[in-house]
Amino acid sequence: MRALLFDLDGVLTPTADVHMRAWSRLFTPYLEQHGVAPYTEQDYFDSIDGKPRYDGVRSLLESRGIDLPEGSPDDGPDQDTVCGLGNRKNAEFTAELAEHGVEPYPGSLRFLVAATDAGMSVAVVSSSANAVQVLRTAGIFERFPVIVDGVVAREDGLPGKPAPDTYLDAASRFGLTAAECVVVEDATSGVAAGRNGAFGLVIGVDRGAGADDLRANGADVVVTDLAELVPDLPRPATAEL
């Protein structure tokens, strides 16, 4: 394996928790107003986790039988459209991030440093349009020469996970095939993208999705912390001299 392609939220940084709180702040009152089943944490894993924001809104609404017009990405957060709700969620996320900040998982940072020391290429592949902001806040932006996020996907017309296109795009930016790259994900939709793209290895990080579900959707290996895999990385070239 020559490159590691990391999802961001829940893999490198605990921003999945920030996203979960933002989604809850959006949908708890919204679903109550519509008189349907209340929003739960399981809804995040079943309908939202790992997907582009508007896809998550659409999926959650479908689970409750709510049909809204699509709208456009320019819709204000007060508009009752799929895009309007997605933009409202983004405002909630930005507020949460500004208030609480974010730092990388220590084990993920250790794994990242060990991988780059061993000469592996690294990229971030995230459905989030806030990936650059999160990476800068966490102090690890400069470590990634390739970032394929929600903004890039929208500009280049790349479908979101579980489609493999964003991961394939990141691999191509290194001049590598999927078989030469490792996908590192915490969401079932993300490991499915790795499987659908025939990547050389798909690592699932269980932050709540469940090890069995991650394996069922495409993970070859499941860990609870990426530090567990540091001993399996290639040794740095200098150590072999």
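Being four residues apart in helix α8 (residues 165-173), R173 and D169 are separated by about one helical turn, and the two side chains form a salt bridge whose closest N and O atoms are 2.7 Å apart, a salt bridge being a side-chain nitrogen of Lys or Arg within 4 Å of a carboxyl oxygen of Asp or Glu. The model is predicted, so that local features need pLDDT of at least 70 and side-chain atom pairs count only at pLDDT 80 or more, while totals for chains, interfaces and linings use all residues. Residues are numbered from 1 along each chain as its sequence is written, and side-chain values use heavy atoms, with hydrogens and water left out.

**Salt bridges**

- By the rule given above, the count comes to 12 salt bridges.
- D169 is buried, with a relative accessible area of 17%, whereas R173 is partly exposed at 44% (buried means under 20%, exposed over 50% and partly exposed in between, with a 1.4 Å probe and protein chains only).
- R21 and E96 meet in a salt bridge of 2.9 Å, N to O, and because R21 lies in helix α1 and E96 in helix α4, the pair ties together parts that are 75 residues apart in sequence.
- E96 counts as buried at 5% relative accessibility, while R21 is partly exposed at 34%, and both belong to a network of salt bridges that links R21, R25, E92 and E96.
- Within helix α3, D55 and R58 lie three residues apart, about one turn of the helix, and their side chains meet in a salt bridge of 2.7 Å, N to O.

**Helix α1 against helix α3**

- The axes of α1 (residues 15-33) and α3 (residues 53-63) come within 13 Å and cross at roughly 30°, which makes α1 roughly parallel to α3 (angles under 35 degrees count as roughly parallel).
- In this pairing, W23, F27, Y30 and L31 of α1 meet R53, G56, V57, L60 and L61 of α3, contact meaning heavy atoms within 4.5 Å.
- The residues of this contact divide into seven nonpolar, one polar and one charged.
- Buried residues of α3 include Y54 and S59, and what covers the buried residues of α3 includes α1, α2 (41-48) and α4 (82-100).

**Helix α4 against helix α6**

- Helices α4 and α6 (residues 131-138) pack at an angle of about 5°, with their axes 12 Å apart, and are therefore roughly parallel to each other.
- F93, T94 and L97 in α4 meet Q133, V134 and T137 in α6.

Terms used. Axes fitted to C-alpha atoms, helices over the stretch in contact; angles between N-to-C directions. Helix = DSSP H or I, 4+ residues; strand = E, 2+ residues; numbered from the N terminus. Parallel < 35°, antiparallel > 145°, perpendicular 65-115°, else oblique. Nonpolar A, V, L, I, M, F, W, Y, C, P; charged D, E, K, R; others polar.
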